[in-house]
Amino acid sequence: MSEIPSPPTGPPPSRREPDAPRALALPFVAVVAYTLRACLPAKRWFGVLLPCAGALLFGWLTQVNTLPAAESFADVAEHGLFRLILPLTCLVIGDAVLGADVRSGTFPLTWLSPVPFAVIVAGRWLGGWLVALVTIVPAMALAPLFAGVPGATGPMAVATAAGAAAYIALFLLVGVLVRRSAVWSLAIVLLGEWLLGTPLTGIAQLSPLWEAQQVFAGLWSDGDLLLRSGMASGGGSILRLVLISGFCLGLATWLLGRMRPIGGDD
Amino acid sequence: MSDPEVPDLDPAFVAHPTVVVDGVSVWFGPKVAVTELSCSFGPGVTGLLGPNGAGKTTLMRAVCGLLPTNQGAVRVLGRDPRQDRSVQQDISLVPEDDAVPGALTARQLVRYTASLHSVRDRYLPEDCLATVGLLDVADRRVAGFSKGMRQRAKIAASLVTEPKVMVLDEPLNGADPVQRAALIELFQALGAEGRTVIISSHVLNEVQRLAARQLVVIRGRLAAAGGHRAIRDALADRPRSVLVRTSEPRRLAGDLLGSDAVQGVAVDGDSLIISSSHAGELAALLPVAARRAGARLREVRPLDDSLESVFRELLR
């Protein structure tokens, strides 16, 4: 590492060797790949997989309960899976895809490119959602099997996938808005969704947590145990989650052009 | 970088600018980082000189569009880098800070940047890694790199975008002397190709080796501009104090006091503290005066020759 060759005035001799490098990815694909590689290092994966294990544990613990399996699982799904596991896992992923990148100072690498902000936002979100699809979605879908309620597996997978999509979009938006995105994201879950969303249906209708639960309740045969009056369920809730995702991603795109993606120190 | 066709141009400006900074001020809350700074940059290498905290990094970030300006305007190739994303196709920044996506390998980092800029030549990332001497370690994670290697990885990621305007913030930090020389040669070659290369440093000699044209920024203001000579002249005429230890302090002091180069002399034991506003003349005068006074010079040492003091004097 002691010598630097001359400036790039011409191709080096090795330029046309048979083991040619792969073609370069399109910008959108590159952003998604970057999200998977750079935004989610090993520590983050641990933070994602830990609540996934918790989801399986919650499913298994259902069997300890003396209530009928469906009733017992509904209780665990409401208080454990949707209120705790889903938001926390998505917080770890959602903070990683943008907020952590901004905090660490590496986001200018992406920001200082001609790629439209919409592509950056969509790529980051998709990268995060893909992680959710291979981690928390299978874990949540397996939880009913562990609980002895196999009929809930499909609805749980759909609800988790839709809820994760909205959550990651929301937390990505928080990452654009504030520097301490993890803290603010947690505050949204605890204060907005738990504290205000529980008694106020108007707030719950804007909450990925409650809407995801309503998706599950609407699609599961025993879902009436979880249905909340005054809110849509099943497909209606999926539509709301899509709208929440779209709104958050659109706003994040708009704000990205107005942010200072670096600290203020010289 | 003076243009012979425009002999009276303010040295802060160039005749054919690619980057124009027009009355720019940037502040962070109560802290003003850049104050009504106007200058321009054109093809070739321009050194941005100033002590730490002078506002160089803020200015460079504003030029790239990373920071909005509170007052004034920045134009890169005639466009506002905050408003027009297409500018980013033509400009690249090598930041000073250590922040690199450590989970990526050097090759992944350079290929990622190439993809973002829609580079079609799949060999170009390899060429750029070879240019900065990182091809052998291209599959190692950047997190394990030394500071100098990180800088070179960032330079490779910048080169791969083939920018018309290249902004490098302290790019030689962490580089060993051999790498330093090679990088200087690289930057000069890029400037000779017609690219606008803006390089910041707080090391005076380093910038003088790098760039024919220099801008000195101090406390967020443009303090001096021009070629080596103009900056050197500005430095030479500043007041400075020199400590001289000698065998005949009083006789030497008496001899020196008659000179125009000496503003004052204080005697302290076997030492003299000489105040002068013409350091060059003093350097020539001192041995002659010592010979006349029959004094032996045991030590001659500037008391305030740190770069920061030089910059402070320039700002006065």
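Me: How many residues of chain B are in contact with chain A?
Reply: In this predicted model, 52 residues of chain B are in contact with 40 residues of chain A.

Me: Which elements give two or more residues to that side of chain B?
Reply: They are helix 1 (56-64), helix 2, helix 3, helix 4 (147-159) and helix 5 of chain B.

Me: And which of them gives the most?
Reply: Helix 5 of chain B does, with eight residues on the side that touches chain A.

Me: What is the make-up of that side by class?
Reply: The side of chain B that touches chain A has 29 nonpolar residues, 15 polar residues and eight charged residues.

Me: Changing topic: what is the strand order in the open sheet of chain B?
Reply: The order is 2-1-4, a sheet of three strands with antiparallel pairing.

Me: Which are the edge strands?
Reply: Strand 2 (31-41) and strand 4 (71-76) of chain B are the edge strands, since each of them pairs on one side only.

Me: By how many degrees are neighbouring strands turned against each other?
Reply: On average the angle between neighbouring strands of this sheet is 25 degrees, with direction ignored.

Me: How many bridges join strand 1 and strand 4 of chain B?
Reply: Strand 1 (residues 19-28) and strand 4 of chain B pair over five bridges, in the antiparallel sense. Within strand 4 of chain B, Val74(B) is the bridge partner of Val21(B). In general, strands of a sheet pair through backbone hydrogen bonds.

Me: Now the backbone angles. What is phi at Ser118(B)?
Reply: Ser118(B) has a positive phi of about 55 degrees, although this residue is not a glycine. Ser118(B) lies in the loop between helix 2 (106-116) and helix 3 (124-131) of chain B.

Me: Why does Ser118(B) count as partly exposed?
Reply: Ser118(B) counts as partly exposed because it has 15 C-beta neighbours inside 10 Å, while a buried residue needs 20 or more.

Me: And where is Glu170(B)?
Reply: Glu170(B) is in the loop between strand 6 (165-169) and helix 5 (177-192) of chain B. Phi of Glu170(B) is also positive, near 45 degrees, in a residue other than glycine.

Me: Is Glu170(B) buried or exposed?
Reply: Glu170(B) is buried, because 22 other C-beta atoms lie within 10 Å.

Me: Last topic: what does the domain assignment of chain B give?
Reply: The assignment gives domain 1 (19-235) and domain 2 (237-315) of chain B.

Me: How many Å apart do the C-alpha centres of domain 1 and domain 2 of chain B lie?
Reply: The C-alpha centres of these two domains of chain B lie 40 Å apart.

Notes
Residues are numbered from 1 along each chain as its sequence is written. Chains are lettered from A and ligands numbered from 1 in the order in which they are written. This is a predicted model: local features need pLDDT of at least 70, side-chain atom pairs count only at pLDDT 80 or more; totals for chains, interfaces and linings use all residues. Helices (H or I, at least four residues) and strands (E, at least two) are DSSP runs, numbered from the N terminus. A residue is buried if 20 or more other C-beta atoms lie within 10 Å of its own, exposed if 12 or fewer, and partly exposed in between; C-beta atoms are placed from the backbone. Two strands pair if DSSP finds at least two bridges between them. Axes are lines fitted to C-alpha atoms, for helices over the stretch in contact, and angles run from 0 to 180 degrees between N-to-C directions. Two residues are in contact if their C-beta atoms, placed from the backbone, lie within 7 Å. Ala, Val, Leu, Ile, Met, Phe, Trp, Tyr, Cys and Pro count as nonpolar, Asp, Glu, Lys and Arg as charged, and the others, Gly among them, as polar. Domain bounds come from an automatic or database domain assignment.
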